[in-house]
Amino acid sequence: MTKIELTAGVYWVGAIDWNLRDFHGYTTLRGATYNAYLIVDEKIALVDTVKHDFSGEMLNRIREIIDPEKIDYVVSNHVEMDHSGSLPAIMKIATKAQVICTEKGKEGLIRHFRGTWDFRTVKTGDELKIGKKTLFFINASMLHWPDNMFTYLKEDKILLSNDGFGQHLASSFRFDEDVCSLAGYDCDTVMEEAAKYYANILMPFGGIILKKIEEIRKLGIEIKMIAPSHGMIWTNPIKIIEAYLKWAKGESKPKVLVIYDTMWNSTQTMAKEILKGASDSGVEVSLFHLRKTDWSEIIKEVLESKAVLIGSPTLNNGMFPTVGGFLTYLMGLRPRNKLWATFGSYGWAGGAVKAVNEKLKSGGYEPVESIEVNFRPDENDLGKCYALGQKIGSIVKAG
Ligand SMILES: Cc1cc2nc3c(=O)[nH]c(=O)nc-3n(C[C@H](O)[C@H](O)[C@H](O)COP(=O)(O)O)c2cc1C
Ligand SMILES: [Fe+2]
Ligand SMILES: [Fe+2]
């Protein structure tokens, strides 16, 4: 195994999950990695571990560098099992190691592993000197769970950000710049996956992200590299920080998204007519059938688009189940700064559009317009759909 060094004495000792295609419902089309980092100085610190199944892979990487028995500190930036799953395995070997985490981290780790380890809890501003290198801790509550923290390597200016700034991407490369080095091939894979990750995992926490970035600026922390716990290490941290600022503020493209399901294609006919109207108004458009596209991909599109239109046929007085499921997922992610509209077809008493509108309202969103059509849309209905598309398109275009 080749040793992977971020800088002198800082190694990547994580694992690559090439075959992962479903990360608790999030479709990881390109696999994933669990990044752990080994810091070797007078004392040795391991920052985060990997998913349980991969503890052997991590230990082998550590053994290439040092004897894992010699680890003095295991820093746990996050309790979630993709990062703490191999903690019991490492603590069995590194018997003298202290576990460093936040107070909430300690509570969570005890609930998960019932471990009676030697815990040291830390908060923002606490430091741990391990020789020439200093680990500086920054609380990062809710990025991704209440227990999260960042570990900053002071002298090397590397931020170990755990889930923050991550992407799900299995690759033989470890650094962002290496993924896109061949002309003619897709070069934005890392950013694309970072956007999908942000949209599906961190979108609800935009406000917290803005405050955290501001807090880090105020602490006067200079960041040369961001090493997250998933995917590529950012050698150009400004690129991803700027993207996070944009996403967290709810800045999007002038794009109209039409998302729907249908049983007998009436709602689909409406969707396509709306799409035509929006497209004719000169903005980018996209259309997604909820049983044909992976939802985590659609969520990434939601993040990037200004307008979101939701269509559903009526089924048993309510909305179609996939629309209900998708809206439940979407409302939980609390998208910011969108323009909403709704539509759908019904046979007799209807109910779908009303239910969609209520669901949106429960999230604090007000659709600008709704169209309901009895059975198949006629010329008049199609005209209304086209006009709705045009109206939304022009609002989006005007910014
Ligand atoms: C299983 C099933 C249940 C339905 N339940 C209702 C209902 O409760 N109320 C209603 O107004 N229409 C109901 N409909 C009628 C559909 O809403 C209607 O056919 C509509 O045009 C379907 O739109 P679509 O072509 O986009 O699927 C039902 C249709 C099916 C197939
Ligand atoms: Fe997490
Ligand atoms: Fe994670």
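Colleague: By class, what residues make up the shell around ligand 1?
Modeller: The shell has eight nonpolar, 10 polar and no charged residues. Bear in mind that this is a predicted model.

Colleague: Which residues come nearest to ligand 1?
Modeller: T262, M263, T267, N317 and S345, out of 18 residues around ligand 1.

Colleague: And what about backbone atoms, say at G350?
Modeller: A backbone N or O atom of G350 lies 2.7 Å from an oxygen atom of ligand 1. For W264, a backbone N or O atom is 2.8 Å from a ligand 1 oxygen. At G347, a polar backbone atom sits 3.2 Å from a nitrogen atom of ligand 1.

Colleague: How much of ligand 1 does the protein bury?
Modeller: The protein buries 84% of the 640 Å² that ligand 1 exposes when taken alone.

Colleague: Which pocket does ligand 1 take up?
Modeller: The largest pocket. Elements giving two or more residues to the shell around ligand 1 are α9 (266–280), β20 (314–315) and β22 (339–346).

Colleague: How much space is in that largest pocket, and what lies nearest its centre?
Modeller: About 320 Å³. Its lining counts 19 residues, with M263, T314, Y346, G347 and F375 nearest the centre. The lining of the largest pocket includes one charged residue.

Colleague: Switching topic. What lines the second largest pocket?
Modeller: 13 residues, with R217, I221, I223, I238 and I241 nearest the centre. They divide into 11 nonpolar, no polar and two charged. The second largest pocket holds about 260 Å³ of space.

Colleague: Which element gives the largest share of that lining?
Modeller: α8, with five residues. α8 spans 237–249. α7 (206–218) also gives two or more.

Notes
Residues numbered from 1 in each chain as written. Chains lettered and ligands numbered in written order. Predicted model: local features only at pLDDT ≥ 70, side-chain atom pairs only at ≥ 80, totals over all residues. Heavy atoms only, no water. Near = heavy atom within 4 Å. Polar contact = N/O pair within 3.5 Å; in protein donor to acceptor, adjacent residues only side chain to side chain. Areas by Shrake-Rupley, 256 points an atom, 1.4 Å probe, with all protein chains shown as cover. 1 Å grid on protein atoms, 1.4 Å probe; cavity = no way out; pocket = protein on both sides within 12 Å on 5 of 7 lines; lining within 4 Å. Sits in = over half its atoms within 2 Å of the grid points. Helix = DSSP H or I, 4+ residues; strand = E, 2+ residues; numbered from the N terminus. Nonpolar A, V, L, I, M, F, W, Y, C, P; charged D, E, K, R; others polar. Points joined across faces, edges and corners; volume = space filled by probe spheres on them.
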